[in-house]
Amino acid sequence: MNGERIIAFQGRPGAYSDLACRQARPGWTTLPCQTFAQTIAAVHDGRAELAMLACENSLAGRVPDIHALLPEAGLFIVGEHFQRVEHCLLGIPGSTLADARRIHTHPVAMAQVRGIITELGLDPVVEFDTAGAAEMVREWGRKEDVAVASALAAELNGLEILRRNVEDATHNTTRFYIASRRPATLPPPGSGFMTTLLFRVNNQPGALYKALGGLATAGVNMTRLESYMLEGSFSATQFLMDVEGHPEAPPLARALDELSFFSEQQEILGVYPASPFRRKP
């Protein structure tokens, strides 16, 4: 990579994932990829050092593609990033809100801007991507077509921001995993860490309850739990879990010991500093 540090993301230039890359790794070059699978592949084949992978949103919930891809991705989580989603209404230079007739954006974003759609009496037109919608509005050059996307998408496409923060909910935030081919050097035990791991249990009464009982006993906070059916089988389930703590620190170490006793398989995907966003009220 000739000394250039590159971080890959899924989406078009100016997408919120692109913005997340720029905020989490200032000065790095961002690499847009069409799919999450291609984003992961870019790290594996050396075109990028890191991948920015959206995993959950405060309004929309989990990101299904990552839910399916992450267990088999072969990457290690080395960080997390929380990106506030601030939707902007974008139009071509010289256009005004009064000119707008049709609004273009991703279906998830469209569901988050119902207020502005009603206020301006716009016709919603669903597109594949927020930043892609901005590109299309630029290419069409019509005042009556506007896009909902990030301020970065406006900058990259030469569009005007007709109104900022048109989202209905002010708490709209996406969480990302930052992933690498190699695990981060495990820091010494301390406070302020997150641990992500996979574990597997048999489908039998009480299996999950017993496996997770050690977390409650040790006072470890679990912040995320996702389930996966294994290879079409109904006999065992795999879980991805995020917990607060360092695996070598006493509370989590005790909990993981108990988890290993009641689970068939356990694999740590990453130990990384908790984002400062978690400390916000």
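Q: What should I know about the model before reading it?
A: This is a predicted model, in which local features need pLDDT of at least 70 and side-chain atom pairs count only at pLDDT 80 or more, while totals for chains, interfaces and linings use all residues. Residues are numbered from 1 along each chain as its sequence is written, and side-chain values use heavy atoms, with hydrogens and water left out.

Q: How are two packed helices described, and at what angle do the axes of α8 and α9 cross?
A: Two packed helices are described by the angle between their axes and the distance between the axes. Here the axes of helix α8 (residues 207–218) and helix α9 (residues 250–262) cross at roughly 165° and come within 7 Å. The two helices are therefore roughly antiparallel to each other, a term for angles over 145 degrees.

Q: Which residues of α8 meet α9?
A: Contact means heavy atoms within 4.5 Å. On the α8 side are Lys210, Ala211, Gly213, Gly214, Leu215 and Ala218, which meet Pro251, Leu252, Arg254, Ala255, Glu258, Leu259 and Phe262 of α9. By class, this contact has eight nonpolar, two polar and three charged residues, where Ala, Val, Leu, Ile, Met, Phe, Trp, Tyr, Cys and Pro count as nonpolar, Asp, Glu, Lys and Arg as charged, and the others, Gly among them, as polar.

Q: What is the handedness of the crossing of α8 and α9?
A: A crossing is right-handed if the near helix is turned clockwise from the far one by less than a right angle, and left-handed if anticlockwise; α8 passes α9 in a right-handed crossing.

Notes: Axes are lines fitted to C-alpha atoms, for helices over the stretch in contact, and angles run from 0 to 180 degrees between N-to-C directions. Helices (H or I, at least four residues) and strands (E, at least two) are DSSP runs, numbered from the N terminus. Angles under 35 degrees count as roughly parallel, over 145 as roughly antiparallel, 65 to 115 as roughly perpendicular and the rest as oblique.
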